[in-house]
Amino acid sequence: MKATTISDAYNQMLWHVYAKWDFKSKPRDMAIREKLNVQVTINNPSSKPIVTEDKKRNKIIEGYTERELEWYLSGNTAADSAPSDFWKTIEDDEGQINSNYGHITLFDRTEFYTTPYFFALKALKKDKDTRQAICRYNKAKHAKLNPKDFVCTMYQNFHIREDELYSTVRMRSADLFTGPVYDLPWFCYLMEKMLKDLKPVYPNLSMGQLTFSADSLHIYERDVDEIVKMIDFFGQSIQQETFVK
(Lines give C-alpha, C1' and ligand atoms only; values in the text may rest on other atoms or scores of the structure.)
Protein backbone atom coordinates (compact mmCIF):
# COMPACT_ATOMS: atom_id res chain seq x y z
CA MET A 1 0.00 0.00 0.00
CA LYS A 2 0.97 3.64 -0.45
CA ALA A 3 -0.21 6.55 1.68
CA THR A 4 0.18 10.31 1.85
CA THR A 5 0.28 10.67 5.64
CA ILE A 6 0.32 8.41 8.70
CA SER A 7 -3.41 9.12 9.18
CA ASP A 8 -4.06 7.97 5.61
CA ALA A 9 -1.90 4.88 6.19
CA TYR A 10 -3.71 4.09 9.44
CA ASN A 11 -7.13 4.38 7.83
CA GLN A 12 -6.11 2.08 4.99
CA MET A 13 -4.79 -0.51 7.42
CA LEU A 14 -7.93 -0.33 9.57
CA TRP A 15 -10.13 -0.85 6.55
CA HIS A 16 -8.10 -3.71 5.11
CA VAL A 17 -7.97 -5.67 8.36
CA TYR A 18 -11.63 -4.97 9.17
CA ALA A 19 -12.95 -5.70 5.69
CA LYS A 20 -10.37 -7.90 3.97
CA TRP A 21 -8.87 -9.96 6.76
CA ASP A 22 -6.95 -13.07 5.75
CA PHE A 23 -7.49 -15.07 8.93
CA LYS A 24 -9.60 -15.26 12.04
CA SER A 25 -7.85 -16.82 15.01
CA LYS A 26 -7.86 -16.74 18.81
CA PRO A 27 -4.38 -16.21 20.30
CA ARG A 28 -4.61 -16.44 24.09
CA ASP A 29 -8.31 -17.26 23.45
CA MET A 30 -9.03 -13.70 22.20
CA ALA A 31 -10.66 -13.54 18.76
CA ILE A 32 -8.93 -11.43 16.11
CA ARG A 33 -9.12 -10.53 12.42
CA GLU A 34 -5.65 -10.67 10.92
CA LYS A 35 -3.60 -9.95 7.83
CA LEU A 36 -0.04 -11.25 7.57
CA ASN A 37 2.93 -9.39 6.09
CA VAL A 38 1.31 -6.00 5.50
CA GLN A 39 3.40 -3.09 4.26
CA VAL A 40 2.57 0.57 3.66
CA THR A 41 4.87 3.35 2.43
CA ILE A 42 4.12 6.87 3.68
CA ASN A 43 5.23 9.79 1.53
CA ASN A 44 4.97 12.56 4.14
CA PRO A 45 5.79 11.14 7.59
CA SER A 46 5.07 13.42 10.54
CA SER A 47 4.94 12.86 14.30
CA LYS A 48 1.62 14.67 14.67
CA PRO A 49 -1.16 12.53 16.23
CA ILE A 50 -3.21 10.36 13.91
CA VAL A 51 -6.66 11.63 12.92
CA THR A 52 -9.60 9.30 12.21
CA GLU A 53 -13.28 9.75 11.32
CA ASP A 54 -14.24 9.49 15.01
CA LYS A 55 -13.84 12.96 16.53
CA LYS A 56 -14.35 11.66 20.06
CA ARG A 57 -11.66 9.04 19.56
CA ASN A 58 -9.34 11.63 18.05
CA LYS A 59 -9.26 13.53 21.35
CA ILE A 60 -8.19 10.34 23.13
CA ILE A 61 -5.56 9.64 20.47
CA GLU A 62 -4.15 13.16 20.62
CA GLY A 63 -3.93 13.22 24.42
CA TYR A 64 -2.38 9.77 24.73
CA THR A 65 0.11 10.37 21.90
CA GLU A 66 1.42 13.45 23.71
CA ARG A 67 1.61 11.69 27.08
CA GLU A 68 3.32 8.64 25.63
CA LEU A 69 5.96 10.75 23.87
CA GLU A 70 6.70 12.54 27.15
CA TRP A 71 6.98 9.17 28.89
CA TYR A 72 9.25 7.76 26.20
CA LEU A 73 11.57 10.75 26.42
CA SER A 74 11.79 10.34 30.20
CA GLY A 75 13.26 6.84 29.74
CA ASN A 76 11.32 5.67 32.81
CA THR A 77 10.49 1.94 32.73
CA ALA A 78 8.36 1.83 35.91
CA ALA A 79 4.81 0.78 35.10
CA ASP A 80 3.59 3.39 37.60
CA SER A 81 5.11 6.12 35.42
CA ALA A 82 3.35 4.99 32.23
CA PRO A 83 0.55 7.06 30.64
CA SER A 84 -2.21 4.45 31.20
CA ASP A 85 -3.15 1.68 33.61
CA PHE A 86 -2.73 -0.89 30.83
CA TRP A 87 0.99 -1.06 31.54
CA LYS A 88 0.30 -2.33 35.06
CA THR A 89 -1.22 -5.46 33.53
CA ILE A 90 2.07 -6.43 31.85
CA GLU A 91 4.62 -5.28 34.43
CA ASP A 92 7.21 -7.72 35.71
CA ASP A 93 7.69 -8.79 39.34
CA GLU A 94 9.60 -5.57 40.05
CA GLY A 95 6.96 -3.27 38.52
CA GLN A 96 8.98 -2.63 35.36
CA ILE A 97 8.01 -2.88 31.70
CA ASN A 98 10.05 -3.46 28.54
CA SER A 99 8.19 -1.47 25.90
CA ASN A 100 9.15 2.10 26.69
CA TYR A 101 10.43 2.78 23.18
CA GLY A 102 12.30 5.87 24.30
CA HIS A 103 14.22 3.87 26.89
CA ILE A 104 14.97 1.11 24.38
CA THR A 105 16.29 3.41 21.65
CA LEU A 106 17.71 6.44 23.46
CA PHE A 107 18.77 5.20 26.92
CA ASP A 108 19.56 1.46 26.85
CA ARG A 109 23.30 1.22 26.09
CA THR A 110 23.39 -2.29 24.67
CA GLU A 111 24.57 -1.70 21.09
CA PHE A 112 28.37 -1.80 21.22
CA TYR A 113 28.47 0.45 24.31
CA THR A 114 26.01 2.95 22.89
CA THR A 115 22.23 3.16 22.43
CA PRO A 116 20.47 1.69 19.39
CA TYR A 117 19.58 5.15 18.08
CA PHE A 118 23.10 6.52 18.36
CA PHE A 119 24.49 3.34 16.84
CA ALA A 120 22.37 4.07 13.75
CA LEU A 121 23.31 7.77 13.82
CA LYS A 122 27.04 6.98 13.96
CA ALA A 123 26.69 4.51 11.10
CA LEU A 124 25.10 7.16 8.87
CA LYS A 125 27.66 9.78 9.82
CA LYS A 126 30.48 7.39 8.96
CA ASP A 127 29.01 6.20 5.66
CA LYS A 128 26.24 8.12 3.93
CA ASP A 129 25.29 5.05 1.87
CA THR A 130 25.39 2.54 4.73
CA ARG A 131 22.87 -0.27 5.11
CA GLN A 132 23.81 -0.85 8.74
CA ALA A 133 21.96 2.02 10.44
CA ILE A 134 19.64 -0.30 12.33
CA CYS A 135 17.97 0.81 15.54
CA ARG A 136 16.97 -2.40 17.33
CA TYR A 137 13.90 -2.58 19.59
CA ASN A 138 13.16 -6.24 20.37
CA LYS A 139 16.13 -7.94 22.02
CA ALA A 140 16.78 -11.42 23.38
CA LYS A 141 16.65 -10.19 26.97
CA HIS A 142 13.03 -9.09 26.57
CA ALA A 143 11.85 -12.66 26.13
CA LYS A 144 13.61 -13.71 29.32
CA LEU A 145 12.84 -10.67 31.45
CA ASN A 146 9.11 -10.38 30.98
CA PRO A 147 7.23 -12.48 28.40
CA LYS A 148 4.02 -10.56 29.18
CA ASP A 149 5.70 -7.55 27.60
CA PHE A 150 7.53 -9.00 24.60
CA VAL A 151 8.43 -5.92 22.55
CA CYS A 152 6.36 -5.74 19.34
CA THR A 153 8.72 -3.66 17.20
CA MET A 154 11.73 -5.53 15.86
CA TYR A 155 13.78 -2.69 14.37
CA GLN A 156 13.77 0.69 12.66
CA ASN A 157 16.25 1.03 9.83
CA PHE A 158 17.50 4.29 8.29
CA HIS A 159 18.90 4.98 4.81
CA ILE A 160 20.12 8.09 3.02
CA ARG A 161 19.47 8.00 -0.69
CA GLU A 162 19.74 11.00 -3.06
CA ASP A 163 19.87 13.38 -0.08
CA GLU A 164 16.65 12.06 1.43
CA LEU A 165 16.30 10.19 4.73
CA TYR A 166 14.26 6.99 4.49
CA SER A 167 13.17 4.77 7.35
CA THR A 168 11.77 1.25 7.49
CA VAL A 169 10.00 -0.20 10.53
CA ARG A 170 9.30 -3.89 11.08
CA MET A 171 6.86 -5.10 13.75
CA ARG A 172 6.32 -8.75 14.65
CA SER A 173 2.82 -7.98 15.91
CA ALA A 174 0.60 -4.89 15.66
CA ASP A 175 -2.81 -4.44 17.26
CA LEU A 176 -4.19 -1.55 15.20
CA PHE A 177 -6.51 -0.25 17.91
CA THR A 178 -3.81 0.23 20.55
CA GLY A 179 -0.47 -0.11 18.71
CA PRO A 180 0.33 1.65 15.39
CA VAL A 181 -2.11 4.45 16.15
CA TYR A 182 0.46 5.60 18.75
CA ASP A 183 3.57 3.86 17.38
CA LEU A 184 3.53 5.57 13.98
CA PRO A 185 3.97 9.08 15.46
CA TRP A 186 6.90 7.76 17.52
CA PHE A 187 8.59 6.21 14.50
CA CYS A 188 8.17 9.55 12.72
CA TYR A 189 9.54 11.40 15.74
CA LEU A 190 12.68 9.28 15.69
CA MET A 191 12.98 9.90 11.97
CA GLU A 192 12.65 13.66 12.52
CA LYS A 193 15.27 13.49 15.26
CA MET A 194 17.62 11.58 12.97
CA LEU A 195 17.16 14.19 10.25
CA LYS A 196 17.93 17.01 12.70
CA ASP A 197 21.01 15.22 14.09
CA LEU A 198 22.35 14.54 10.59
CA LYS A 199 21.83 18.06 9.23
CA PRO A 200 25.22 19.36 10.47
CA VAL A 201 26.92 16.60 8.47
CA TYR A 202 24.58 16.55 5.46
CA PRO A 203 23.06 20.06 5.16
CA ASN A 204 21.06 19.21 2.01
CA LEU A 205 19.34 16.24 3.65
CA SER A 206 15.52 16.26 3.62
CA MET A 207 12.74 13.96 4.77
CA GLY A 208 11.99 10.93 2.63
CA GLN A 209 9.49 8.11 3.05
CA LEU A 210 8.62 5.93 6.04
CA THR A 211 7.79 2.32 5.25
CA PHE A 212 5.87 0.46 7.95
CA SER A 213 5.45 -3.30 7.88
CA ALA A 214 3.95 -5.85 10.24
CA ASP A 215 4.21 -9.64 10.32
CA SER A 216 0.78 -9.79 11.97
CA LEU A 217 -1.53 -6.79 11.59
CA HIS A 218 -4.75 -7.40 13.47
CA ILE A 219 -7.77 -6.09 15.33
CA TYR A 220 -9.56 -7.75 18.22
CA GLU A 221 -13.23 -8.55 17.71
CA ARG A 222 -13.96 -6.83 21.01
CA ASP A 223 -12.85 -3.51 19.43
CA VAL A 224 -14.72 -3.80 16.11
CA ASP A 225 -17.59 -1.47 17.05
CA GLU A 226 -15.16 1.29 17.99
CA ILE A 227 -13.02 0.67 14.91
CA VAL A 228 -16.02 1.04 12.57
CA LYS A 229 -16.47 4.61 13.86
CA MET A 230 -12.85 5.41 12.99
CA ILE A 231 -12.81 4.21 9.37
CA ASP A 232 -13.27 6.58 6.43
CA PHE A 233 -15.50 4.31 4.36
CA PHE A 234 -16.11 6.97 1.73
CA GLY A 235 -12.37 7.26 1.20
CA GLN A 236 -12.23 3.53 0.50
CA SER A 237 -14.98 3.81 -2.14
CA ILE A 238 -16.77 0.73 -0.87
CA GLN A 239 -20.08 -0.08 0.78
CA GLN A 240 -19.90 -1.34 4.34
CA GLU A 241 -22.40 -4.13 3.67
CA THR A 242 -19.96 -5.79 1.24
CA PHE A 243 -17.50 -6.50 4.02
CA VAL A 244 -18.64 -10.07 4.58
CA LYS A 245 -15.93 -12.60 3.82
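Burial, pocket and loops in a predicted model

In this predicted model, the buried residues of helix α4 (residues 116-126) are P116, Y117, A120, L121, A123 and L124.

Q: What makes the buried residues of α4 line one face of the helix?
A: Seen down the axis of α4, they fall within an arc of 160°, so one face of the helix holds them. K122 and K126, on the other side of α4, are exposed.

Q: What covers the buried residues of α4?
A: The cover includes α3 (101-107), β4 (134-136), β5 (153-161), β6 (164-171) and α6 (180-198).

Q: Why is R28 called exposed?
A: The word applies to a relative accessible area over 50%. R28 has a relative accessible area of 64%, so R28 is exposed. R28 sits in the loop between β2 (23-25) and β3. Its phi is near 55°, a positive value in a residue other than glycine.

Q: Why does D163 count as partly exposed?
A: Buried means under 20% and exposed means over 50%, with partly exposed in between. D163 has a relative accessibility of 28%, so D163 counts as partly exposed. The loop between β5 and β6 contains D163. For D163 too, a residue other than glycine, phi is positive, near 60°.

Q: How do you know that the chain is as compact as a globular protein of its length?
A: The chain has seven helices and eight strands. Its radius of gyration is 18 Å, and the globule rule gives 18 Å for 245 residues, so the chain is as compact as a globular protein of that length. Along the principal axes, the C-alpha trace spans about 55 × 45 × 30 Å.

Q: What share of the 245 residues is buried?
A: Buried residues make up 51% of the chain.

Q: What share of contacts between residues at least 6 apart in sequence joins residues at least 24 apart?
A: In this chain the share is 67%.

Q: Which residues lie nearest the centre of the largest pocket?
A: They are F86, I90, C152, D175 and T178, from a lining of 36 residues. The largest pocket holds about 1,000 Å³ of space. Elements that give two or more residues to its lining are β3 (32-42), α2 (55-74), β7 (174-175), α6 and β8 (206-220). The largest share, five residues, comes from α2.

Q: How do the residues of the lining of the largest pocket divide into nonpolar, polar and charged?
A: The lining has 18 nonpolar, seven polar and eleven charged residues.

Technical notes
Residues numbered from 1 in each chain as written. Predicted model: local features only at pLDDT ≥ 70, side-chain atom pairs only at ≥ 80, totals over all residues. Heavy atoms only, no water. Buried < 20%, exposed > 50% of the residue type's maximum accessible area, 1.4 Å probe, protein only. Helix = DSSP H or I, 4+ residues; strand = E, 2+ residues; numbered from the N terminus. Arc of directions from axis to C-beta. Contact = heavy atoms within 4.5 Å. 1 Å grid on protein atoms, 1.4 Å probe; cavity = no way out; pocket = protein on both sides within 12 Å on 5 of 7 lines; lining within 4 Å. Points joined across faces, edges and corners; volume = space filled by probe spheres on them. Nonpolar A, V, L, I, M, F, W, Y, C, P; charged D, E, K, R; others polar. Rg over C-alpha atoms; globule rule 2.2 N^0.38 Å.
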